[in-house]
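I opened this notebook to record what I looked up in one structure. The entries follow the order in which I worked.

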Amino acid sequence: MNNFVYIGRPARVVFGAGTLQQLPSEVDQLGARKALVLSTPEQRASAEQVAALLGPRAAGIFDRAVMHVPIETAREAREVARKLGADCAVAIGGGSTTGLGKAIALESALPIIAIPTTYAGSEMTTIYGITEGGLKKTGRDDKVLPRTVIYDPELSAGLPVGLSITSGMNAIAHAAEGLYSVTTNPIIEIMAEQGIAALGRALPRIKAQASDMEARSDALYGAWLCGTVLASVDMALHHKLCHTLGGTWNLPHAETHTIVLPHALAYNAPAAPEAMRKIARALEGKSAARAVFDLAKDNGAPVALRDIGMKEADLDRACEIAMSNQYPNPRPLEKAAIRQLLQDAYEGRRPA
Ligand code: NAD
């Protein structure tokens, strides 16, 4: 076994159907008295449900979370929290809402309780992103890690099937890259393989019946494991490509991950056979890249960048940006092969 470093992050995790009801006692457990509830405008009803459950422990609702956390929104939310005398925040929603909670925690030290309703996994990481003057800055800071995470699968029952599949693929991407990360370790490898397997089982069942609570439970469990992998080890080619495509062409987050992943795996396959074997085993397939592609396609997810707004004329530029940042990746970055990867993702080809 290789030498390794394992870092356990100190979040408290409450998992299971109906666990939202434990929120008031989780606020008490933090030693807090008044919570500002955060959500997107679309999830205002969930925020109201949470505020009603909190009763006198609710300071108010801030429902303006949006993708990529504009700094103005973060400042406004911090100011609202201050004015209302909130001493903690409850973020109910996906990565965008968790991201707003993190941006508040970065400068105010307000403890955050995250209640994830997608599979993006941000609640497990110390990674934050804030957009200022059109540029998204990302960083890592232990302060932004939610202190408590409530994973209640009943709350994801309303996540539209399309977003459930792409969000699940987003989670699988964290685990897949974790398996061949330069900083991986045996504990993370176990979590990664289990996480992929749980989502691989769950997504087709969610596609068949969105309210299947056992499948929703499996998917959320998988998302937790995959988010822990993202939090713990360095990501590689796939995440860098998605960051470039999302950041420069504003492509939707989960869909971009879904489309790029099979091609990033096909690119890295010759250099990371053991990781590919584990991904394939988790998905009960023969090839990691094809199993991931089929999981997305068979469940109705987009598989081509051209279908989510990418222009073919921009592929050369995407390749240049991808080549301009060097970082550890199992297979060295080769310009012609990366350009081909982008072409394959653009057209939605099944990996060979
Ligand atoms: P999202 O949070 O942007 O949510 C997408 C939409 O779905 C929103 O309108 C939201 O309100 C709605 N929604 C969420 N859950 C729902 C539910 N159960 N029912 C109905 N509607 C629901 O999407 P996301 O994919 O979860 O997050 C993407 C963002 O998170 C990106 O900005 C990404 O960069 C960030 N992210 C950060 C990290 C990290 O570690 N910092 C990790 C993953 C993602």
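**Ground rules.** I note that this is a predicted model, in which local features need pLDDT of at least 70 and side-chain atom pairs count only at pLDDT 80 or more, while totals for chains, interfaces and linings use all residues. I number residues from 1 along each chain as its sequence is written, and side-chain values use heavy atoms, with hydrogens and water left out.

**Domains.** I looked up the division of the protein and found domain 1 (12-156) and domain 2 (161-347); such bounds come from an automatic or database domain assignment. The C-alpha centres of domain 1 and domain 2 are 26 Å apart. I then checked where they touch: 19 residues of domain 1 are in contact with 23 residues of domain 2, contact being heavy atoms within 4.5 Å.

**Ligand.** Which residues are closest to the ligand? I found Thr40, Ser96, Thr117, Thr118 and Thr125, out of 24 residues that surround the ligand; a residue counts as near if one of its heavy atoms lies within 4 Å. Both domain 1 and domain 2 supply at least three residues to this shell. Helix H4 (residues 95-108) gives the largest share, 3 residues. Helices here are DSSP runs (H or I, at least four residues), numbered from the N terminus.

I sorted the shell by class and recorded 8 nonpolar, 13 polar and 3 charged residues. In this scheme Ala, Val, Leu, Ile, Met, Phe, Trp, Tyr, Cys and Pro are nonpolar, Asp, Glu, Lys and Arg are charged, and the others, Gly among them, are polar.

One of Thr118 lies 2.6 Å from a ligand oxygen atom, and one of Lys136 lies 3.3 Å from an oxygen atom of the ligand. The ligand taken alone exposes 860 Å², of which the protein buries 82%; accessible areas come from the Shrake-Rupley method with a 1.4 Å probe, and for residues only the protein chains shown count as cover.

**Helix H12.** I asked which residues of helix H12 (residues 315-324) are buried. They are Leu315, Ala318, Cys319, Ile321, Ala322 and Met323, where buried means under 20% relative accessible area, exposed over 50%, and partly exposed in between (1.4 Å probe, protein chains only). These buried residues pack against helix H8 (237-249) and helix H13 (335-347).

Pro332 sits in the loop between H12 and H13, and I class Pro332 as exposed because its relative accessible area is 56%. Pro332 and Ile187 are 145 residues apart in sequence and 26 Å apart in space, C-alpha to C-alpha.

Most residues other than glycine have a negative phi. Asn250, which is not a glycine, has a positive phi of about 55°. Asn250 lies in the loop between H8 and helix H9 (253-268) and is exposed at 58% relative accessible area. Glu284 also has a positive phi, of about 55°. Glu284 belongs to the loop between helix H10 (273-282) and helix H11 (288-298), and counts as exposed at 75% relative accessibility.

Methods. Helices (H or I, at least four residues) and strands (E, at least two) are DSSP runs, numbered from the N terminus. A polar contact is a pair of N or O atoms within 3.5 Å; within protein, one must be able to donate a hydrogen and the other to accept it, and residues adjacent in sequence count only if both atoms are side-chain atoms.
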